[in-house]
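Visitor: Could you walk me through this structure, starting with the whole chain and then one residue?

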Amino acid sequence: MIPCPNCGADNMVSAIFCRQCQKKLNLDEITPEAFDDPDDKKGKTSLATRVTTAVIVVLLVAIIGLLLVPVKMGASADSIPEEEKGTLDAKFSALGSPHPGKRIAFTSDQATYVANHALGLPKTGSDQMLPVKMSVQFLDGGLVKIVL
């Protein structure tokens, strides 16, 4: 838009006469600054906008980074002492026989060992989509978290 030097009305760039006061527009007097809108904030960002954008970017990078961190898988067969493995195998066998009301307690590491041992994990060299390792974690409220 071209502002009229006489009345200040906005006119089309191709206009020869002002659409409001009908005076001829002197195109030689019009400078590039006449095309700039003083209220136009295009291209100008406030400090708050830049800070907000930076915080959002940092949070997204942190979330993506946390998603890429491998999950701790709990105990492996190597972390359970040899003398305890026999006890755990006996506990596992006792789970299969019916004992009404009898409870058998396991820690998270023991349950991880027993689950991996029962499933024959870790498995290697398989083309099938089978779990390589399993981790068992007991949570509050009687919940169990199993990670394959």
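Here are a few questions and answers about it.

Guide: This is a predicted model, where local features need pLDDT of at least 70, side-chain atom pairs count only at pLDDT 80 or more, and totals for chains, interfaces and linings use all residues. Residues are numbered from 1 along each chain as its sequence is written, and side-chain values use heavy atoms, leaving out hydrogens and water.

Visitor: In what order do the elements of the chain run from the N terminus on?

Guide: Helices (H or I, at least four residues) and strands (E, at least two) are DSSP runs, numbered from the N terminus. The chain has three helices and four strands. Their order is β-β-α-α-α-β-β.

Visitor: Does N11 count as buried or exposed?

Guide: Buried means under 20% relative accessible area, exposed over 50%, and partly exposed in between, using a 1.4 Å probe and protein chains only. N11 sits in strand β2, residues 10–11. Because its relative accessibility is 1%, N11 counts as buried.

Visitor: Which residue has its backbone nitrogen 2.7 Å from a polar atom of the side chain of N11?

Guide: A polar contact is a pair of N or O atoms within 3.5 Å; within protein, one must be able to donate a hydrogen and the other to accept it, and residues adjacent in sequence count only if both atoms are side-chain atoms. The side chain of N11 has a polar atom 3.1 Å from the backbone oxygen of A9. The backbone nitrogen at 2.7 Å belongs to R19.
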